[in-house]
Amino acid sequence: MQKITFQGALGAYSHIACQQLFPQSEYIASDTFEQAMELVDKGEADYAVIPVENSNAGRVSDVHFLLPQTDLTIIGEHFLRVEHQLLALPEAKLEEIEAAASHPQALAQCSEFLKKHQIKALSRIDTAKSCERIVEMQDKTRAAIASKLAAEIYGLKILASNIENDGNNTTRFLIMGKNKTMPENDGSKFVTSLVFKVKNIPAALYKALGGFATNGVNITKIESYVIGGNFISAQFYVEIEAHPESPAFKLAFEELKFYSDNIHFLGTYKAHPRRYL
């Protein structure tokens, strides 16, 4: 049986993503993103399913700092429709709730509901762990924002369903493993993720990426990271909608190499259909 790891407790949205991607597998909850990646690196899990951004609350910053450091390969992406529930003890009532705890991303995604009902937002490390705390406290005035799966696991009541601000609230996950085999360029739509550090010369970033523009290759994401303990050298994480074996990518890559000190490929994987909706 495959072992799939994620950050958080059982019932977290990452747990749901794991179930959708790898049904009938063993799911391992990790305390941190770094720990989840380490389990795969050590061979104690087959894959890690890691959230990287949400359509409403933006990027998951901790992950973007870890991606350039890992030796794992991104083998796929997955989009999960996130439906937040207000969960409380079975005897609790909505009008009694004074505070709700959850991950900062979930709280941001439900800010309008919390404001409307004058419920104080309490930041916690994880949505599902917030449910554990509600059970421990046995306080009818406290609630958690989490999934339906979490409600089932922790025996909590759903006081309000689908309380997220955006009706199309979606989180994007990356699937990470140790397999570094390049997928065949079979004509499908691909995404290539890589990290590079530009040379410390004027207009280096503009010139490094210029080849993608002139060759009609779309860059969908670029993130910068300060490295080396100073504010001069920076490296960049980019996502490119192309396969490295395509002629256009090869031409653009020559420009990138010329203006970069180093380049680290993180993976090439098929684009999820949800990406284009």
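In this predicted model, the side chain of S30 makes a polar contact with the side chain of T5, at 2.7 Å. S30 belongs to strand β2, which covers residues 26–30. With a relative accessibility of 0%, S30 counts as buried.

Now to the aromatic rings. A pair of rings is described by how far apart the centres lie and by the angle of the planes. The count comes to 7 aromatic pairs. Take F249 and F253: their ring centres are 6.0 Å apart and their planes sit at 20°, so this pair is stacked, since planes under 30 degrees apart qualify. Both residues lie in helix α9, which runs over residues 247–258, and they are 4 residues apart, or about one turn of the helix. F249 is buried, its relative accessible area being 2%. F253 counts as buried too, at 15% relative accessibility, because the cut-off for buried is under 20%.

F253 has another ring partner in F265, and here the geometry is tilted, with 5.4 Å from centre to centre and 50° between the planes. The angle falls between the limits of 30 and 60 degrees, so neither the stacked nor the edge-to-face label applies. F253 sits in helix α9 while F265 sits in strand β15 (residues 260–270), so this pair ties together parts that are 12 residues apart in sequence. F265 is partly exposed, with a relative accessible area of 34%, whereas F253 is buried.

The charged end of K189 sits over the ring of Y276, at 4.3 Å from the ring centre. K199 lies over the face of F258, and here the distance to the ring centre is 5.3 Å. F258 is also where helix α9 ends, given that the helix spans residues 247–258.

Key:
Residues are numbered from 1 along each chain as its sequence is written. This is a predicted model: local features need pLDDT of at least 70, side-chain atom pairs count only at pLDDT 80 or more; totals for chains, interfaces and linings use all residues. Side-chain values use heavy atoms; hydrogens and water are left out. Rings of Phe, Tyr and Trp (its six-membered ring) pair if their centres lie within 6.5 Å; planes under 30 degrees apart count as stacked, over 60 as edge-to-face and the rest as tilted. Helices (H or I, at least four residues) and strands (E, at least two) are DSSP runs, numbered from the N terminus. Buried means under 20% relative accessible area, exposed over 50%, partly exposed in between (1.4 Å probe, protein chains only). A charge sits over a ring if NZ of Lys or CZ of Arg is within 6 Å of the ring centre and within 35 degrees of the ring normal. A polar contact is a pair of N or O atoms within 3.5 Å; within protein, one must be able to donate a hydrogen and the other to accept it, and residues adjacent in sequence count only if both atoms are side-chain atoms.
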